Amino acid sequence: MTSPAVSIRALPHPERGEIRLEGILHALSDPLRLRIVRELAAAGDALSCSRFDLPVTKSTTTHHFRVLRESGVIRQIYRGTAKMNGLRRDDLDDLFPGLLDTLLDAADRQAVRFGSS
């Protein structure tokens, strides 16, 4: 029996046990990355990179998604030609119960205070 071919487009992700709190906090310390995570949480489903209207170049956008993926905050998979992004909510909630919801709530309250989205 042969094993299925590994896609050359597979992206590396940390295993659940490799996700570290300081990596998550670093990833979410950037306003654009926090914005991406807030949008993913609000959508409740995976979104393609093209769904995000960020005020930076494509290469900078790619960098932000890579930081989120490598820290374990999001999972990225290819669906056809689209790179889909989804929160690793189950992993994060298992490792750090309440952390993601607390951070998202704090980000929402800050957005109201400063009048940003």
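**Fold and surface of a predicted chain**

The chain exposes about 7500 Å², and carbon and sulfur atoms supply 54% of it (Shrake-Rupley method, 1.4 Å probe; for residues, only the protein chains shown count as cover). This is a predicted model: local features need pLDDT of at least 70, side-chain atom pairs count only at pLDDT 80 or more, and totals for chains, interfaces and linings use all residues. Residues are numbered from 1 along each chain as its sequence is written, and side-chain values use heavy atoms, with hydrogens and water left out.

Me: What share of the 117 residues of the chain counts as buried?
Reply: Buried means under 20% relative accessible area, with a 1.4 Å probe and protein chains only. Across the 117 residues, the share is 36%.

Me: In what order do the elements of the chain run from the N terminus?
Reply: Helices are DSSP runs of H or I, at least four residues; strands are runs of E, at least two. The chain has five helices and three strands. From the N terminus, they run α-α-β-α-β-β-α-α.

Me: Which strands stand at the edges of the sheet?
Reply: Strands pair if DSSP finds at least two bridges between them. The open sheet has the order S1-S3-S2, with antiparallel pairing. Each edge strand has a single partner strand, so one side of each is left without a neighbour; these are S1 (47-48) and S2 (74-79).

Me: Which residue in S3 is the bridge partner of Ser-48?
Reply: Two bridges join S1 to S3, residues 82-87. These two strands run antiparallel. In S3, Ser-48 has as its bridge partner Met-84.

Conventions
Buried < 20%, exposed > 50% of the residue type's maximum accessible area, 1.4 Å probe, protein only.
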